[in-house]
Amino acid sequence: MNDYKQIRQRYLAGESQRHIAKTMGISRNTVAKYCEGDAVPWERKTPARECSVITNEVVDFIRQCLEEDQQVSFKKQTHTAKRIYDRLVDEKGFTGGESTIRRKVREIRGTLPQAYVPLQFDPGDALQIDWGEADIYENDQKVRINLFCARLCYSCRPVVLAYHRQNAESFYDAIVRTFDILGGVTKRVIFDNGKVAVKDGFGACARMQSGYEALSAHYGYDAVFCNPAEGHEKGLVEGLVGWARRNICVPVPRISDIHELNALLLERCLKYEDTSIRSRNAKVRDLLAKERETLRPLPKYTFETATCTDARVNAFSTVRFRTNIYSVPVCYVGLSVSIKGYPETIEIYHKGDLISVHDRLMGRNQTSYHLDDYMPLLEKRPRAVFDAAPVKQNIPAEVLDQLREQKPSRDHVLGLLHFYAARERLHPAPVINDVVTVMPVDLHKYDSLCIGKEAAVK
């Protein structure tokens with residue numbers, strides 16, 4: 001750099017190139033190269049020599065392999081650089097090295113940051129939705145729950161709802177509740193290619209599940225699906241998933257049931273309306289007020305989000321929904337009933353009348369018994385009380401052990417059963433690991449129950 005500076009200064013002062021070269025002891029070619037300022041010493045030219053083994057035919061073959069990967073929907077069955085190299089050797093007689101092909105594949109795929117077109121949505125135009133996960137403590141047990149996240153594309157108003165499972169019932173229920181919260185329907189709903197919504201295909205070629213197709217038809221919006229691995233196409237809601245985990249689920253919530261968590265989520269989303277959108281110099285609340293004027297009205301009929309099925313009550317007075325079993329009153333044994341499976345509850349109907357409601361079991365091959373459903377049988381068969389599954393599930397083991405030790409009368413036992421059945425109707429206990437948790441009862445405090453069913457019911 002110092003030599004370059006001297007050459008330029010001395011030449012500009014009128015000194016000849018010959019004299020500069022002689023006094024500085026450097027080549028006249030170097031002086032001639034730098035004296036006019038046509039070149040600089042810190043510039044390095046990229047070599048123009050082309051690789052002899054990477055011919056146009058090889059490049060075309062690599063591009064063909066990568067294009068095939070984009071045309072199929074098998075994300076885990078795509079060409080690696082090693083597989084492309086092996087095919088070149090087998091099919092094209094390639095003689096170069098594997099590292100050469102790896103470099104060329106990286107170059108063609110493009111390792112530089114991609115550029116995206118900035119998007120701007122009109123009020124009421126689109127709603128982006130997505131699923132995420134978070135860990136919470138429910139009844140002091142660590143539980144992983146699913147977060148349904150939705151965001152209006154114009155006002156950025158978020159809606160976050162929690163569900164135990166990510167199934168069709170939860171998906172439809174979440175969309176219906178989101179529209180109810182926002183007070184209207186957007187023209188489009190943008191989602192990825194999740195199986196709860198897409199039967200097969202992806203992107204523009206996706207075929208909707210029949211339930212989601214019915215939901216979109218009822219609410220009058222167009223269902224838009226993103227291309228695979230293109231999260232930026234719904235970037236607003238992608239960021240919302242992380243925001244919900246960091247800002248609502250930290251510290252980790254400790255709740256008694258999913259409804260308590262949903263109340264917390266809705267409260268925080270409402271508080272978000274005070275946030276200012278920097279690019280629009282306005283608060284979410286003001287943008288939402290403008291956007292609500294353009295939303296389409298909600299339909300008069302609320303869409304049925306439950307999965308509905310029919311079943312016949314078996315001899316044990318139970319019906320099966322999916323993989324789990326739920327009890328009904330014994331008077332319906334042998335009759336046909338209708339089951340509605342909601343995200344968190346199971347409702348059972350007979351000829352349009354609601355006959356039983358259960359908290360939905362989230363595991364597999366579990367059973368939920370209502371003690372009250374079996375009281376007519378237990379009154380007739382008191383000797384079966386201590387071995388009856390509905391009794392064991394609803395009355396703590398220590399209470400049953402105390403009963404066995406005291407050997408109370410039949411009326412005393414039945415009175416206690418009626419007490420727990422009545423308590424269950426008023427305060428349903430949470431089902432955890434196929435056992436209903438109920439606090440033990442001190443038998444001496446309930447002597448009035450011994451006189452029979454009439455006193456117990458009273």
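This is a predicted model: local features need pLDDT of at least 70, side-chain atom pairs count only at pLDDT 80 or more; totals for chains, interfaces and linings use all residues.
The protein chain contains 16 helices and 19 strands. Of its 458 residues, 41% count as buried. Among contacts between residues at least 6 apart in sequence, 60% join residues at least 24 apart.

Helix packing comes next. Two packed helices are described by the angle between their axes and the distance between the axes. Helix H4, residues 56-71, packs against helix H6, residues 98-109, at an angle of about 60 degrees, and their axes are 11 Å apart. An angle from 65 to 115 degrees would count as roughly perpendicular and one under 35 degrees as roughly parallel; H4 and H6 are therefore oblique to each other. Their crossing is right-handed. From H4, the residues Val 58, Val 59, Ile 62, Arg 63 and Leu 66 take part, and they meet Ile 101, Lys 104, Val 105, Ile 108 and Arg 109 of H6. Sorted by class, the contact of H4 with H6 comprises 7 nonpolar and 3 charged residues, with no polar ones.

Helix H6 also packs against helix H5, residues 81-92; the axes of H5 and H6 come within 9 Å and cross at roughly 125 degrees. Since angles over 145 degrees count as roughly antiparallel and those from 65 to 115 as roughly perpendicular, H5 and H6 are therefore oblique to each other. The crossing of H5 and H6 is right-handed. On the side of H5, the contact is made by Ala 81, Lys 82, Ile 84, Tyr 85 and Leu 88, and on the side of H6 by Glu 98, Ile 101, Arg 102 and Val 105. The contact of H5 with H6 divides into 6 nonpolar and 3 charged residues, again with no polar ones.

The description now turns to a sheet. Strands of a sheet pair through backbone hydrogen bonds, either parallel or antiparallel. An open sheet of 4 strands has the order S11-S14-S15-S16, and its pairing is antiparallel. Strand S11 (307-312) and strand S16 (353-359) each have a single partner strand, so they stand at the edges and one side of each is left without a neighbour in the sheet. On average, neighbouring strands of this sheet are turned by 25 degrees against each other, direction ignored. Within the sheet, strand S14 (residues 336-341) and strand S15 (residues 345-350) run antiparallel and are joined by 4 bridges. Gly 341 has Ile 346 in S15 as its bridge partner.

Some backbone details remain. Most residues other than glycine have a negative phi, and most peptide bonds are trans. Val 250 and Pro 251, however, are joined by a cis peptide bond with omega of about -5 degrees. Pro 251 lies in the loop between helix H9 (235-247) and strand S8 (254-255).

Asn 139 has a positive phi, near 55 degrees, and is found in the loop between strand S1 (126-138) and strand S2 (141-152). Its relative accessibility is 30%, so Asn 139 counts as partly exposed. Asn 365 likewise has a positive phi, of about 55 degrees. Asn 365 sits in the loop between S16 and strand S17 (367-368), and at 60% relative accessibility this residue counts as exposed.

Conventions:
Residues are numbered from 1 along each chain as its sequence is written. Side-chain values use heavy atoms; hydrogens and water are left out. Axes are lines fitted to C-alpha atoms, for helices over the stretch in contact, and angles run from 0 to 180 degrees between N-to-C directions. Helices (H or I, at least four residues) and strands (E, at least two) are DSSP runs, numbered from the N terminus. A crossing is left-handed if the near helix is turned anticlockwise from the far one by less than a right angle, and right-handed if clockwise. Contact means heavy atoms within 4.5 Å. Ala, Val, Leu, Ile, Met, Phe, Trp, Tyr, Cys and Pro count as nonpolar, Asp, Glu, Lys and Arg as charged, and the others, Gly among them, as polar. Two strands pair if DSSP finds at least two bridges between them. Buried means under 20% relative accessible area, exposed over 50%, partly exposed in between (1.4 Å probe, protein chains only).
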